[in-house]
Amino acid sequence: MSAGQGAMTAPVRDVTGQARAAFMLGAGLLLVSAVLLLLGSAAGSTGFESFLTAGHDPVARQIIWDIRLPRTAGAWLAGALLGLAGAVAQGLFRNPLADPYLLGSASGASLAVAASMALLGMSPLATQWLVRLGLTGAAFVGAVAAVLLTLLLAKGVQHTLRLLLAGVIVGVVLGALTALTMLLVPEVQQTMQAFTLGSTAFVGWASCVLMAGAWLACMVVAWMLSHALDGLALGEATALSLGLPLPAMRAALVVVLALATGAAVAQTGLIAFVGLAAPHMVRSVVKTTHGRLILLASLMGAVLLLAADILARALIAPQELPVGVLTAVLGGSYLLWLMHRRTSRGQVL
């Protein structure tokens, strides 16, 4: 074989190796997910007793089926949504430090929940429609409304930097309004504390169905638009030279980001670092295109959040820690270690 032929086959071998590594990572994450789903159905305030006696004890069976299984599946799905949203955000903004809450969705959801609680306690006229909407519905509406406000301030999605700055501004302003609401109506502080720390304790089967539907829709659209993220990774000018309709694709990706983040936040509250850390962990194992990265980051986010949720239930049982605290500690520690390792090598995140 000539030198020219060897140079041509080297990229082919590299692509094949990347595909194989991505497949192995995905299979490993699915296997870990299956093990964690089994552990999650067994872990709880009563220990493993309910799991062992579920076959002949109707009360234990109800605990497993109506409480532990939907909570475990919900934690997996919420983590999958956050991991997917994190990969899309980092590709869309071409910034490895971007997270799913960058467009103000977290602040919007928090403000909507705080305002709903305040109105429920203050205005009888607001009670009827707020009860029908529910806190989870209010959180989703608030998250989507915050993203729309960000788009309005940024005058569309054409300029990534303007969109990023608008998201930061919206997040700060809505966060201040949430704090003001809590100051004026102190009764909402306990509920808001649980929401901001994140919890999967109230996830039921209906929530799982909603998150599964949102995940499927977001994954299909994100995968179809993954070549736009690959083009953006080479630079905006290069992406335009490839004939990609960037404005329309950016708008669709922002919708995916808003839907995935809003669906997760509405059901589990604000859970930090999962969407930020999951794509980093995938990229540290395998270098691949955004089509595979989005799926792998989604699986990685699901594993991270489910593992943290099981730890939150088991560490101080029968009590439990807020899962958002564990994800912040574990995710922050990982990113600090990653930053230290790459800085020592003269690299950046």
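Reader: Is V88 buried or exposed, and how do I tell?

Author: Look at relative accessibility: a residue under 20% counts as buried. In this predicted model, V88 has 0% relative accessibility, so V88 counts as buried. You'll find V88 in helix α3, residues 58–92.

Reader: Which residues is V88 in contact with, leaving aside its neighbours within four places in sequence?

Author: Those are A222, L229, L253, V256 and I294.

Reader: Okay, helices next. How do α8 and α13 cross?

Author: Two packed helices are described by the angle between their axes and the distance between those axes. For α8 (residues 205–224) and α13 (residues 290–314), the axes come within 9 Å and cross at roughly 155°. Angles over 145 degrees count as roughly antiparallel, so α8 and α13 are roughly antiparallel to each other.

Reader: Which residues meet there?

Author: From α8 come W215, M219, A222 and W223, and they meet G291, I294, L295 and S298 of α13. By class, that contact has six nonpolar residues, two polar and no charged.

Reader: And what about the largest pocket: how much space lies in it?

Author: About 300 Å³. Of the 16 residues lining the largest pocket, T136, F195, F202, A266 and Q267 are the closest to its centre.

Reader: Which helix gives the most to that lining?

Author: That's α11, with four residues. Helices α5, α7 and α11 each supply at least two. Sorted by class, the lining has nine nonpolar, seven polar and no charged residues.

Note on methods
Residues numbered from 1 in each chain as written. Predicted model: local features only at pLDDT ≥ 70, side-chain atom pairs only at ≥ 80, totals over all residues. Heavy atoms only, no water. 1 Å grid on protein atoms, 1.4 Å probe; cavity = no way out; pocket = protein on both sides within 12 Å on 5 of 7 lines; lining within 4 Å. Points joined across faces, edges and corners; volume = space filled by probe spheres on them. Nonpolar A, V, L, I, M, F, W, Y, C, P; charged D, E, K, R; others polar. Axes fitted to C-alpha atoms, helices over the stretch in contact; angles between N-to-C directions. Parallel < 35°, antiparallel > 145°, perpendicular 65-115°, else oblique. Contact = heavy atoms within 4.5 Å. Buried < 20%, exposed > 50% of the residue type's maximum accessible area, 1.4 Å probe, protein only.
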